[in-house]
Each structure stands twice: as C-alpha cells, then as structure tokens.
Amino acid sequence: MEKVYRTMGRTGTCSIAAGIVILVTGVTVGILSIVCGALLLKRKSEITF
C-alpha cells in the first residue's frame, strides 16, 4: 500500500511541474505575440505589397 502512495506523490509532483512549465511557456508566447503585433501595427505604413 505504501508503494501506491509514493507513486501517487511522484505523479502529483510531476503534474505540478508540468503545469508550471506549460504556464510559463504560455505566458511567454502570449507576451511575444502582443509585442510582435504591436510592432506590426506601429510600422503598418512602412509595409508595401
């Protein structure tokens, strides 16, 4: 029975770690998207097709 509790603890720890990594990645990508979009809007008049 003790093995089950250890396995559950490790699984919970891994889940929390994965959640933190996903959260940080999502925030970083969101900030980069906002910055790139703002730069495009700022330089809209310079873009020619």
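Analyst: Let's set the exposure terms: buried is under 20% relative accessible area, exposed is over 50%, and partly exposed lies in between (1.4 Å probe, protein chains only). By that scale Arg 6 is partly exposed, because its relative accessible area is 47%, while Glu 2 is exposed at 57%. This is a predicted model, where local features need pLDDT of at least 70, side-chain atom pairs count only at pLDDT 80 or more, and totals for chains, interfaces and linings use all residues. Residues are numbered from 1 along each chain as its sequence is written, and side-chain values use heavy atoms, with hydrogens and water left out.

Back to that pair: the side chains of Glu 2 and Arg 6 form a salt bridge at 3.5 Å, N to O (a side-chain nitrogen of Lys or Arg within 4 Å of a carboxyl oxygen of Asp or Glu). The structure holds one salt bridge. Both residues lie in helix α1, four residues apart, about one turn of the helix; helices here are DSSP runs (H or I, at least four residues), numbered from the N terminus.

Gly 9 is in helix α1 too, and counts as partly exposed at 38%. From its C-alpha to that of Leu 40, 31 residues along the chain, is 47 Å.

Now for Val 27, which also belongs to helix α1, residues 2-42. Val 27 is partly exposed, with 45% relative accessibility. Together with Leu 23, Ile 31, Val 35 and Leu 39, Val 27 makes a nonpolar surface patch of about 440 Å². Such patches take residues with over 30% relative accessible area and no salt bridge, joining nonpolar side chains (Val, Leu, Ile, Met, Phe, Trp, Tyr) within 5 Å and like charges within 9 Å. The areas come from the Shrake-Rupley method with a 1.4 Å probe, and for residues only the protein chains shown count as cover.

Notes
Helices (H or I, at least four residues) and strands (E, at least two) are DSSP runs, numbered from the N terminus.
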